[in-house]
Amino acid sequence: MEANLNKAQIGCSRVFGVEDQYKNGHYQAREMTVPVLDRQSGVPIRVYGVVPKMSLTPGQIWRGAPAIGEDTTDILSTMLGLSDPQIASLYAQQVVHRTEPFTTPQVEPANP
């Protein structure tokens, strides 16, 4: 169908599904999907990469979504300037919470 439309000089393009994007060589070369470790489950997953690709300010995906409260200690110390004992007290009183992230896969990936 696509070839027939192109032959008739009708602009068209196939629509890629998610699986098509994972397997397409152009998408892979452009890092349109990138692998990350899902820190809630420990499962390796693929997420969409940074678009658009800028030469002077290239973005990058450096991790998947954080586990619940994974960044809490960093935020309390760097942004709010709390001391280690103050932060420990907040955890002890259960004012704040964190879930330790999985750092290794818990199951085999569906789309590595």
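Predicted model: local features only at pLDDT ≥ 70, side-chain atom pairs only at ≥ 80, totals over all residues.
Contact means heavy atoms within 4.5 Å. Residues are numbered from 1 along each chain as its sequence is written, and side-chain values use heavy atoms, with hydrogens and water left out.

Leu76 was examined through its contacts. Neighbours within four places in sequence were left aside. Leu76 is then in contact with Gly81, Leu82, Ile87, Leu90 and Val96. Leu76 sits in helix H4, which spans 72-79. Helices (H or I, at least four residues) and strands (E, at least two) are DSSP runs, numbered from the N terminus. Leu76 has a relative accessible area of 9% and is therefore buried. Here buried means under 20% relative accessible area, exposed means over 50%, and partly exposed lies in between (1.4 Å probe, protein chains only). Between Leu76 and Gln86, the C-alpha to C-alpha distance is 9.2 Å. In sequence, Leu76 and Gln86 are 10 residues apart.

Helix H5 covers residues 84-92. Which of its residues are buried? They are Ile87, Leu90 and Tyr91. These residues are on the same side of H5 because they cover an arc of only 100 degrees around the axis. The arc is that of the directions from the helix axis to the C-beta atoms. Pro85 and Ala92 lie on the other side of H5, where they are exposed. Helix H4 is included in what covers the buried residues of H5. After H5 comes Gln94, with a positive phi near 60 degrees.

The largest nonpolar core was then traced. A nonpolar core is a set of buried Ala, Val, Leu, Ile, Met, Phe, Trp, Tyr and Cys residues joined through side-chain atoms within 4.5 Å. The largest one has 5 residues in all: Leu76, Ile87, Leu90, Tyr91 and Val96. H5 gives the largest share of this core, 3 residues. In soluble globular proteins, nonpolar side chains tend to be buried together. Tyr91 also has contacts at other positions. Not counting residues up to four places away in sequence, Tyr91 touches Thr72, Thr73, Val96, His97 and Arg98.

Attention then turned to helix H2, residues 18-23, where Gln21 lies. Is Gln21 buried or exposed? Its relative accessible area is 11%, so Gln21 is buried. Gln21 touches Phe16, Tyr27 and Tyr48, when residues up to four places away in sequence are not counted. The side chains of Gln21 and Tyr48 are also joined by a polar contact of 3.1 Å. A polar contact is a pair of N or O atoms within 3.5 Å; within protein, one must be able to donate a hydrogen and the other to accept it, and residues adjacent in sequence count only if both atoms are side-chain atoms.

A search of the whole structure for aromatic pairs finds 1. The rings of Phe16 and Tyr27 have centres 5.3 Å apart and planes at 50 degrees, so this pair is tilted. The pair links distant parts of the chain, 11 residues apart: Phe16 is in the loop between H1 and H2, and Tyr27 is in helix H3 (residues 25-29). Rings of Phe, Tyr and Trp (its six-membered ring) pair if their centres lie within 6.5 Å; planes under 30 degrees apart count as stacked, over 60 as edge-to-face and the rest as tilted. Phe16 counts as partly exposed, at 25% relative accessibility.

How many salt bridges does the structure hold? It holds 4. A salt bridge is a side-chain nitrogen of Lys or Arg within 4 Å of a carboxyl oxygen of Asp or Glu. One of them joins Glu2 and Arg14, with the closest N and O atoms 2.9 Å apart. Glu2 lies in helix H1 (residues 2-7) and Arg14 in the loop between H1 and H2, so the pair ties together parts that are 12 residues apart in sequence. Glu2 is partly exposed at 28% relative accessibility, whereas Arg14 is exposed at 52%.

Lys23 and Glu19 also form a salt bridge, at 2.7 Å from N to O. Both lie in helix H2, 4 residues apart, about one turn of the helix. Lys23 is exposed, with 60% relative accessibility. In the salt bridge of Arg63 with Asp71, the closest N and O atoms are 2.6 Å apart. Salt bridges that share partners join Arg63, Glu70 and Asp71 into one network. Arg63 is partly exposed at 24% relative accessible area, and Asp71 is partly exposed at 27%.
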